[in-house]
Amino acid sequence: PAEEMEKAFQRSRTRVTNVYGARPDDFDQACKRVDQMERTGQLKSASLVALLREGKASRTAFTLALARVADMEPHLVERVGEGHDIDTRARLCRGAGVDRAAFTTMAIALDSDPNRAMAGATDFMKLYESVPVAAAQRALRFWKVRAAA
């Protein structure tokens, strides 16, 4: 049954997270928050932006929410989110169906120099639009397969 499969996937996600990195102190609380958002239908692009705007206190919830939206393991999303490769972020967001406005806001917020990022907002939008959806979805599938190997 689908419910049993989802429980098995969740156990697997937890196990992978434990193996590949130390869990942040707020991990369990963030999981509950993201689960609640998903149950109530609030797990959308706008929710990702809202979590990001809450600041560092909600960074774990943001990472878990983006991982859930992208159907990827949190440690993979964290590497993309914390890295400075905007092209990879664009592929992740485009492939996961995160809208352009949310991607642009995330790109600005996650940049190490927000002033520089604000000046590049138009470039972020163009970058997002330049990523073909099919190619981005293939990249996500590749990352998932590679992580599972």
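I begin with Arg100 and Glu129, which form a salt bridge whose closest N and O atoms are 4.0 Å apart. By salt bridge I mean a side-chain nitrogen of Lys or Arg within 4 Å of a carboxyl oxygen of Asp or Glu. Arg100 lies in helix H7 (residues 100–110) and Glu129 in helix H9 (residues 121–130), so the pair ties together parts 29 residues apart in sequence. Helices here are DSSP runs of H or I with at least four residues, numbered from the N terminus. Arg100 is partly exposed, at a relative accessible area of 37%, and Glu129 is likewise partly exposed, at 41%. The classes are these: buried is under 20% relative accessible area, exposed is over 50%, and partly exposed lies in between, with a 1.4 Å probe and protein chains only.

A word on the basis of these values. The model is predicted, so local features need pLDDT of at least 70 and side-chain atom pairs count only at pLDDT 80 or more, while totals for chains, interfaces and linings use all residues. Residues are numbered from 1 along each chain as its sequence is written, and side-chain values use heavy atoms, with hydrogens and water left out.

A search of the whole structure finds seven salt bridges. One of them joins Glu54 to Arg33, with the closest N and O atoms 2.7 Å apart. The pair links distant parts of the chain, 21 residues apart: Glu54 is in the loop between helix H3 (45–53) and H4, and Arg33 is in helix H2. Glu54 is partly exposed at 40%, and Arg33 is partly exposed at 33%.

The loop between H3 and H4 also holds Ser58. Is Ser58 buried or exposed? At 5% relative accessibility, Ser58 counts as buried. Leaving aside neighbours within four places in sequence, Ser58 is in contact, meaning heavy atoms within 4.5 Å, with Arg33 and Leu51.

Another salt bridge pairs Asp71 with Lys144, the closest N and O atoms being 3.6 Å apart. Here 73 residues separate the partners: Asp71 is in the loop between H4 and helix H5 (74–82), and Lys144 is in helix H10 (residues 133–148). Asp71 is partly exposed at 46%, and Lys144 is partly exposed at 29%.

I turn to helix packing. Helix H2 (residues 27–39) and helix H4 (residues 59–70) pack at an angle of about 45°, with axes 9 Å apart. Axes are lines fitted to C-alpha atoms, for helices over the stretch in contact, and angles run from 0 to 180 degrees between N-to-C directions. H2 and H4 are therefore oblique to each other; under 35 degrees counts as roughly parallel, over 145 as roughly antiparallel, 65 to 115 as roughly perpendicular, and the rest as oblique. Arg33 is among the H2 residues making the contact, and Leu64 is among those of H4.

How are H6 and H10 oriented to each other? Helix H6 (residues 86–96) and H10 pack at about 100°, with axes 8 Å apart, and are therefore roughly perpendicular. The contact includes Leu92 and Gly95 of H6, and Leu140 and Trp143 of H10.

Key. Helices (H or I, at least four residues) and strands (E, at least two) are DSSP runs, numbered from the N terminus.
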